[in-house]
Amino acid sequence: MQYPIRRKLRPEDARRSNVALVLQAIYDDSQLSRADLARATGLTKVTVSDLVAELIGAGLVHESGTSDNPRPGKPSTLLAFNPGARDILAMDLSARDQLRGAVLSLRGEPILTRVRTLDGAVGEDALTATRELAAELTSAAAHPVLGLGVGTPGTVNHAGTVLSAPNLHWHNLPLQQLLHDDLGLPVRVENDANVGVLAERRFAGGPDDLVRVQLSRGVGAGLLVGGRLVHGAASDAGEIGHVVIDETGPVCGCGKVGCLETWTSVPALTARIQAEPGRRDDLLAEAGHRLGLALAPVVGMLGLAHIVIGGPAEIASSAPLLDAARDCIAERTRSEFRPDLELVASSLGADAVLLGAAALVLLSELGVG
């Protein structure tokens, strides 16, 4: 029997972990002293002082004043995070007709945005537009760049290779490596629904156990369990759009019949509403019910209590869709032990993927999750 080879933990790994631990604490609470950090992290005061000195030297942290705590002795010096120390570049490739990019602060505050129209471009033309937008953002950054995060539709593996993005006609595209070679910067490429759920946790106060469903040209979901992204054995966790929920339904582009995407993707649902505008609420409720059918087993299996729906506001925020999905899931997973299900529209609007791409960079480069 063969066992996996485990790399020995090196001293630099432990230090990197401790730096991230201290920086995370300061990022979340800019009213901490070195002594507070030692208590919060469990590290020694000497270690904390050493790590804080490193972060101050990098410009990520600065001393912001003294504590007004009425304790005897010298007031404590407080530490604050410096959101302007670096710029983050972010790109959202999920829309049907355009690519969106932004330069953001380390707090996710947009400094500037750029849009590049696709005009139907797919394949190599879409890749060229993506590379050009990334270069434009790099040139526009006013501070040292921490990295570039990209949220793209499709299945993406751990190396940032787009295994399949049918709507863009991309297959086995090493997008992360290509952009890194172009820019000479750290680059992280991830599925758009996955970065969306990171945005909900980092910038919207979401819990560590969370599903975020993205309704767009397709239907995908990002899943956090214990604060960690779930990728699945084949990097396709959350690809719920092609789960069959109606065996008598329409033929899907994937070749199966009655996939969730044929009911709840934005193009499919918009076409139904345009064909029968008088049944708009009924059609939204039917789509919500089918979304609930796909999500109920996931909620039941993992014991989840929080679901966020993202997408165009006229669909993702519609009461008929949200109520029907919530009712369907609650009915099929009801238990005396299960808490009430919270299923709500995302508060992040159209910027969820951009913010999630920024969160991805924060996590990968600074360890701030």
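Which residues have the most contacts inside the largest nonpolar core? The close-up views below come from a predicted model, and the first of them takes up this question.

**View 1. The largest nonpolar core and the elements that supply it.** This core has 36 residues, and those with the most contacts inside it are Val22, Leu23, Leu37, Leu60, Leu106 and Leu362. At least two residues of the core are supplied by each of the helices α1 (11-28), α2 (34-41), α3 (45-57) and α12 (352-366), and likewise by each of the strands β3 (77-81), β4 (87-92) and β5 (98-104). Of these elements, α12 gives the largest share, which amounts to eight residues. Apart from this core lies another one, of 31 residues, and among them are Leu215, Ile273, Leu291 and Leu304.

**View 2. The surroundings of leucine 23.** When its neighbours within four places in sequence are left aside, leucine 23 is in contact with Leu55, Leu60, Val61, Phe81, Leu366 and Val368. Two names in this view, Leu23 and Leu60, also belong to the residues with the most contacts inside the largest nonpolar core.

**View 3. An open sheet of five strands.** Reading across the sheet, the order of the strands is β14-β13-β12-β15-β16, and the pairing is mixed. At the edges stand β14 (228-229) and β16 (342-345), each of which pairs on one side only. Strand β12 (residues 210-215) pairs with β13 in the antiparallel sense over six bridges, and a hairpin of three residues joins these two strands.

**View 4. Strand β13 and its hairpin with β14.** Strand β13 (residues 219-225) pairs with β14 in the antiparallel sense, here over two bridges. Leucine 224 stands opposite leucine 229 in β14, while valine 225 has arginine 228 of β14 as its bridge partner. Two residues lie between the strands of this hairpin, and glycine 226 in the turn has a positive phi of about 60 degrees. Is β13 largely enclosed or largely open to the outside? Six of its seven residues are buried, so β13 is largely enclosed by the rest of the structure.

**View 5. A nonpolar patch on the surface.** The patch is formed by Val225, Met301 and Leu302, which together have about 300 Å² of accessible area. Leucine 302 is found in helix α9 (residues 280-302). Because its relative accessibility is 40%, leucine 302 counts as partly exposed, a class that lies between the cut-offs of under 20% for buried and over 50% for exposed.

View 6. Most residues other than glycine have a negative phi.

Definitions and conventions: Residues numbered from 1 in each chain as written. Predicted model: local features only at pLDDT ≥ 70, side-chain atom pairs only at ≥ 80, totals over all residues. Heavy atoms only, no water. Core = buried A, V, L, I, M, F, W, Y, C linked by side-chain atoms within 4.5 Å. Buried < 20%, exposed > 50% of the residue type's maximum accessible area, 1.4 Å probe, protein only. Helix = DSSP H or I, 4+ residues; strand = E, 2+ residues; numbered from the N terminus. Contact = heavy atoms within 4.5 Å. Patch = residues over 30% accessible without salt bridge, like charges linked within 9 Å, V, L, I, M, F, W, Y side chains within 5 Å. Areas by Shrake-Rupley, 256 points an atom, 1.4 Å probe, with all protein chains shown as cover. Salt bridge = Lys/Arg side-chain N within 4 Å of Asp/Glu carboxyl O. Pairing = 2+ DSSP bridges.
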